[in-house]
4 protein chains.
Amino acid sequence: MIFASDNWAGAAREILDAVARANDGLAPSYGGDELSARVEARFCEIFERDVAVFLVATGGAANGLALSVTTPPYGMILCHEESHVQMDECCGPEFFTGGAKLLPIEGFAAKLSPETIAAALKGFPERPPHGAPPRVLSLTQATECGAVYKPGELRALCALAHERGLRVHMDGARFANAVAALDCAPADISWKAGVDVLCFGATKNGCIAAEAVVFFDRDAAADFAFRRKRAGHLWSKQRFIAAQFEAYLKDGLWLRLAARANAMARRLSDGLAAVDGVEIVYPTEANEVFAAMPATMAEALRRAGAVFYPWATPGDPTGGRLHRLIASFRTTEEDVDRLLALARSAA
Amino acid sequence: MIFASDNWAGAAREILDAVARANDGLAPSYGGDELSARVEARFCEIFERDVAVFLVATGGAANGLALSVTTPPYGMILCHEESHVQMDECCGPEFFTGGAKLLPIEGFAAKLSPETIAAALKGFPERPPHGAPPRVLSLTQATECGAVYKPGELRALCALAHERGLRVHMDGARFANAVAALDCAPADISWKAGVDVLCFGATKNGCIAAEAVVFFDRDAAADFAFRRKRAGHLWSKQRFIAAQFEAYLKDGLWLRLAARANAMARRLSDGLAAVDGVEIVYPTEANEVFAAMPATMAEALRRAGAVFYPWATPGDPTGGRLHRLIASFRTTEEDVDRLLALARSAA
Amino acid sequence: MIFASDNWAGAAREILDAVARANDGLAPSYGGDELSARVEARFCEIFERDVAVFLVATGGAANGLALSVTTPPYGMILCHEESHVQMDECCGPEFFTGGAKLLPIEGFAAKLSPETIAAALKGFPERPPHGAPPRVLSLTQATECGAVYKPGELRALCALAHERGLRVHMDGARFANAVAALDCAPADISWKAGVDVLCFGATKNGCIAAEAVVFFDRDAAADFAFRRKRAGHLWSKQRFIAAQFEAYLKDGLWLRLAARANAMARRLSDGLAAVDGVEIVYPTEANEVFAAMPATMAEALRRAGAVFYPWATPGDPTGGRLHRLIASFRTTEEDVDRLLALARSAA
Amino acid sequence: MIFASDNWAGAAREILDAVARANDGLAPSYGGDELSARVEARFCEIFERDVAVFLVATGGAANGLALSVTTPPYGMILCHEESHVQMDECCGPEFFTGGAKLLPIEGFAAKLSPETIAAALKGFPERPPHGAPPRVLSLTQATECGAVYKPGELRALCALAHERGLRVHMDGARFANAVAALDCAPADISWKAGVDVLCFGATKNGCIAAEAVVFFDRDAAADFAFRRKRAGHLWSKQRFIAAQFEAYLKDGLWLRLAARANAMARRLSDGLAAVDGVEIVYPTEANEVFAAMPATMAEALRRAGAVFYPWATPGDPTGGRLHRLIASFRTTEEDVDRLLALARSAA
């Protein structure tokens, strides 16, 4: 009954097999190999567009590096106050950008809206060189609270950003879960909606350590390769990241894994909603469930072996009763049902 | 009728004379001169304590450098959302600290309270190494909205900060105005209240370019000298900053200049409060007046030659009708009365 | 006939198997798993001392992070002018440290000596805060030119560094090759010789992506965890790095792999030395051969399928005829002998 | 008998008077004043070209900021191993650029030559993204060892730099001394020779604190204003720097002050050259004299009240007997002759 994080789940069998296969023979280092080239071409297919792709091992690296080529070091990045870049990367974006400022913005279910963004920008009128000039809007898809932006929502957000001179960064640590949930094309919630650079996560969804930074305008990525190297994020044996992606993107594996996690979260959410004293606080649209429950119930579940964490953020509307439960591609119906049974007896 | 900024006022005569006097003879460079040593001793007297003092030319440098030795590069600085470090230094604190995060917090009149700080911290429980660990509370005295913290308020804020393991930085760009307003000892609103490092401003209050970073614990300043040099903020002819401070701190000049500015702001605030359609939005406790007025009135005043700026911030409670009018040591009663007469006719 | 880099070789079978095994079951993320704890304990055994160990994926990350906790951002790092930190990390050390300075020093075979270090330091007498204060001596073992420091040499270098107030960083990307070559205990060429922090490489010697930063004084590593996270170098599925190390350090695998590579380099070096027109420029003490050869010979070898690179550095004593040939754990006697035969016919 | 530094000399009377005059009336802050605009126009006249000018208070700030817009944070700056940016700014260039690398190069009298630059570059062939790509050549005029580059020398150096894709930064802390020595137009040793950005020093030559960063291509300065603000180097009362420059550049004051200092250095150099046991090590071409003398003589001079410093650098060819004596605009013939008399008696 592990609902602690999708990161606990390890890797899918197909991913491990691909890594082992990639080990046959010698191959050029630092991404000069054929496998890396194939993966780049595959991303162009997936996104129906010529894109520049850079593979790294962690989401923090992907976000930080992507932001570092999107804002100058004195620029401002608008993000949700519960976003990963703001809450969970220990000042990573500030480090990679050389000191850019993050402006945290409120919003239900970790979502931003044109209204909250416009309100935030109102306080920062152009008065160079005093205030940090807003340069980037950072969105997370699916959000840190398990919600999903629809294509139309993204188009409105990106249009506002571009109108104000901001570029749009998308933290897609759970991009696969969003695509699976929306049953749309990857392009629909990325460049077609106005996203400039996407951090396409794969680690949480069955890879070992694999994230791709995807630039929809090749020119915008001009010096990314230098920055990745400088930050120690270019592997000498880069083919081992590429191998993960080759398998991940083959025959829809990535969407099958995500759909599985989403379905388990749905089952969990529906079940919990029916339990006395439990409230589903944010809509369960991807693979995360945010449930408010009595402390006694949370304690009883943990004593019985369930693993999940309280969700403490500046925006918590429940006064400390909020918990996050995450499903992964490895979560089983038995896991879910056992937790639900426990919850019902603790109610 | 210049109410644009105390920075428009130039320098007091005594300050200029001191600079000219400091030019006699040759003197060791980079702060090795006798005048610099005398000024350091004078600060110890003013603050009734052994302090470490470093002189620089701008408030942005003082704040940035002070913060850089107070937080590690991955630490979090709590500040008001309208504070100068957040709104007006173009990512200076992020630059000097090497990437620390500023957490902007709301509050009336640009003031923080134990309640708003505790609420902000609640969203950042200890979970190393994920969230940026809170390390500094930054307060501004007088605040950017012309309010003044009383000694008791500061003691409560600093106690909370220390209890949570944060150190306290005070942006004292208008420290003189606060001391003059409270009629207290400088120590009462600095180290005796719990402030760890104070940026003691003098530029806005009659100097050319003179700010002092005052550490109340000498050990906390250990590597400040290297950081000041690295940032290009050690003058080769450092005695010319020291000369300004010698005059500024002599015979209470600093408090006389500040009291003058405060009195003019008070006269302006009282006069405006009596004008139809004008509302004094924040209490006028130092040398700044924040007045909401109809757009037609603001326009009429500006056409007649008055200079002052709208005050657009994330926290503006007036929906865009808020204006800031600042008095300086050079503001005259005639300036004030002329503006009041114009406001009355525009009402 | 790949002699381009040990990075071309992929991973040893035992390493891949260990990664696959680590995938069984779910495990805490971000290094909170049991396997990570076991590996830390294993490092204490290997080094016969209580050490603090941090696992990352690349040598650039290991070096940069290790240096960032060893020098302040205004400090100076002494290194060889051909060292990896100076030549091959695209300003990584400057990035991670927040702006420290590298002082490149000459020396045969990429080795530093007490004499060259003392000479370099002579130009930087203490005159705070002007010059960047020397804080770290960075050594590479084995060196970038395939030489190995003997324990006595290291003791002399570290003694000089400590005497001058510098700490000692060792870039051990090929530490295994050095231990295998010297047939000594790991402690003999690390902490017993005076090394303060070691970047213990495993990637080049048969891992996928695995490097360990080993602090011999636990206190010196105080904030490493925050810095690793901030830089995006903490994996969410950290156990997959730990798994590589468990296998690498088990039953002497790491030394067997290194000994194999060393032996192949020795065979290659001895063979080439006997070829007319070829000169072995630096002593072949680990797994790298530095050979000066006529351009026609290099061309002939490459046409026949051999892969290796010219070695262009500021210290090249051959005027452009120098080539680097690297052996890995996968290099075979057939590879070597085929290259030698080709060289002889091209002579 | 102060020959310690030109920084000991304080300010010229005309400079102080101009500062006092600038204090009349109120004026827009942060450089929005008329005086600042006039000074910018004056620089265009002086350099016979449309230039972008930014005023700051220190040479370290000027160099650091100029470099920060000239190289990306992962770029390499070629400079002399005794240059101020390398030896005397406590990692300032690394700080301002966000981590660029300085490559120190040898050369007599702190001068670079096409040969030494080409040799240095040879070790850094293009192999992105591994080595830091060379992006800037930094020259000092007059050099830190009192030598002066002739226009033809500069043209050759800049041509080589541009050919290799580098831009040229000139540290002109003693630019006035060089212009006075060469009796050329300022344009001849700046943009006409190929310099891209010049740090035009005035502090050492009679100002209080005044340096100008001059971009000969306006576009290259695009984001300088943000970077200056971020670093705390935009004064709120910026007109007080502008006032210094107005006087400095009026009626040739800057060249008269420099010529005076140069003449005194010449007198000192000629005199010392005739003293037994003294050797003038570098040609005295500006206002600095580098003399090797017996330790007993140096000691005798200091006992008698002379102030000057030993010159310890990596490039010292005298084995520790080298001393630097600097003349300023305030140095008198009596000062010089008294020192010469003492030297003769100590010989």
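**View 1. Salt bridge between Arg218(C) and Asp50(C) in the predicted model.** The side chains of Arg218(C) and Asp50(C) meet in a salt bridge with an N to O distance of 3.0 Å, a salt bridge being a side-chain nitrogen of Lys or Arg within 4 Å of a carboxyl oxygen of Asp or Glu. Arg218(C) lies in the loop between strand 7 (211-215) and helix 9 (224-230) of chain C, and Asp50(C) in the loop between helix 2 and strand 1 of chain C, so the pair ties together parts that are 168 residues apart in sequence; helices (H or I, at least four residues) and strands (E, at least two) are DSSP runs, numbered from the N terminus. Arg218(C) is partly exposed at 39% relative accessibility, and Asp50(C) is likewise partly exposed, with a relative accessible area of 48% (buried means under 20% relative accessible area, exposed over 50%, partly exposed in between, with a 1.4 Å probe and protein chains only). This is a predicted model in which local features need pLDDT of at least 70 and side-chain atom pairs count only at pLDDT 80 or more, whereas totals for chains, interfaces and linings use all residues. Side-chain values use heavy atoms, with hydrogens and water left out, residues are numbered from 1 along each chain as its sequence is written, and chains are lettered from A and ligands numbered from 1 in the order in which they are written.

**View 2. Salt bridge between Lys192(C) and Glu48(C).** The closest N and O atoms of Lys192(C) and Glu48(C) are 3.8 Å apart in this salt bridge. Because Lys192(C) lies in the loop between helix 8 (175-182) and strand 6 (197-201) of chain C, and Glu48(C) in the loop between helix 2 (34-46) and strand 1 (52-56) of chain C, the pair ties together parts that are 144 residues apart in sequence. Lys192(C) counts as partly exposed at 43% relative accessibility, and Glu48(C) is partly exposed with a relative accessible area of 47%.

**View 3. Salt bridge between Arg127(C) and Asp88(D).** Here the closest N and O atoms are 2.8 Å apart. Arg127(C) lies in the loop between helix 6 (114-122) and strand 4 (134-140) of chain C, and Asp88(D) in the loop between helix 4 (84-87) and helix 5 of chain D, so the pair joins two chains. Arg127(C) is partly exposed, with a relative accessible area of 29%, whereas Asp88(D) counts as buried at 11% relative accessibility.

**View 4. Salt-bridge network in chain A.** Asp6(A), Arg174(A), Glu288(A) and Arg324(A) are linked in a network of salt bridges. Over all chains, the structure holds 68 salt bridges.

**View 5. Contact between chain D and chain B.** The contact takes 48 residues from chain D and 48 residues from chain B, contact meaning heavy atoms within 4.5 Å. The two chains bury about 4,000 Å² between them, 61% of it on carbon and sulfur atoms, where buried area is the accessible area (1.4 Å probe) that two parts lose on being put together, summed over both. Between chain D and chain B the count of salt bridges is zero.

**View 6. Axis relating chain D and chain B.** A rotation of 180° with 0.0 Å of shift along its axis superposes chain D on chain B with an RMSD of 0.0 Å, the copies being superposed by least squares on the C-alpha atoms of residues with pLDDT of at least 70 in both. This is the relation of a two-fold axis. In chain D, the C-alpha nearest the axis belongs to Ala231(D), 3.7 Å from it.
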